[in-house]
Amino acid sequence: AANSVNEITIDNNYQNINVLLVEDNEINIKVIKLLLGDCGIKHIEVAKNGKQALQLISPMFDLVILDIG
């Protein structure tokens with residue numbers, strides 16, 4: 001059967017993705033973690049600012065999410 005419009009297919013490969021989230025707003029952090037968790041992503045490190053992100057950044061991260069505003 002075809003996927004319905006509301007159905008999301010999760011690729012199990014996302015479970016092993018390491019994400020660095022650069023965000024200082026606690027509400028945004030919670031929302032983004034929930035959204036990423038819904039996609040199966042469980043390994044999320046949070047940096048509160050760019051300086052902290054530069055200290056944490058390493059090849060272990062597959063994805064870096066940050067705002068530029």
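What percentage of the 69 residues of the protein count as buried? It is 22%, where buried means under 20% relative accessible area, exposed means over 50%, and partly exposed lies in between, with a 1.4 Å probe and protein chains only.

Before going on, some housekeeping. This is a predicted model, in which local features need pLDDT of at least 70 and side-chain atom pairs count only at pLDDT 80 or more, while totals for chains, interfaces and linings use all residues. Residues are numbered from 1 along each chain as its sequence is written, and side-chain values use heavy atoms, leaving out hydrogens and water.

Now the layout. The protein has two helices and three strands, and along the sequence they follow the pattern β-α-β-α-β. Helices here are DSSP runs of H or I with at least four residues, strands are runs of E with at least two, and both are numbered from the N terminus.

The three strands make an open sheet in the order β2-β1-β3, with parallel pairing. β2 (43-47) and β3 stand at the edges with a single partner strand each, so one side of each has no neighbour in the sheet. From one strand to the next, the twist averages 20°. Two strands count as paired if DSSP finds at least two bridges between them; β1 (residues 18-22) and β2 have five, in the parallel sense. In that pairing, Asn18 is opposite His43 and Leu21 is opposite Val46.

Helix α1 (residues 26-38) lies across β1, β2 and β3 and runs at about 160° to β2. For such angles, axes are lines fitted to C-alpha atoms, for helices over the stretch in contact, and the angle between N-to-C directions runs from 0 to 180 degrees.

How many of the five residues of β1 are buried? Five of the five are. Asn18, Leu20 and Val22 point one way from the strand, and Val19 and Leu21 point the other way.

Take Leu21 in β1 as the example. Leu21 counts as buried because its relative accessibility is 0%. Leaving aside residues up to four places away in sequence, Leu21 touches Ile29, Ile32, Ile44, Glu45, Val46, Ala47 and Ile65, contact meaning heavy atoms within 4.5 Å. Across the protein, among contacts between residues at least 6 apart in sequence, 71% join residues at least 24 apart.

Next, charge. The structure holds one salt bridge, that is, a side-chain nitrogen of Lys or Arg within 4 Å of a carboxyl oxygen of Asp or Glu. The partners are Lys48 and Glu26, at 2.1 Å from N to O. Lys48 is in the loop between β2 and α2 and Glu26 is in helix α1, so the pair ties together parts 22 residues apart in sequence. Lys48 is partly exposed at 35% relative accessibility, and Glu26 is partly exposed at 44%.

Last, the surface. Which residues form a nonpolar patch there? They are Leu54, Ile57, Val64, Leu66 and Ile68, with about 540 Å² of accessible area together. Patches are made of residues with over 30% relative accessible area and no salt bridge, joining like charges within 9 Å and nonpolar side chains (Val, Leu, Ile, Met, Phe, Trp, Tyr) within 5 Å. Areas come from the Shrake-Rupley method with a 1.4 Å probe; for residues, only the protein chains shown count as cover. Ile57 sits in the loop between α2 (50-56) and β3 (63-66) and is partly exposed, at 41%.
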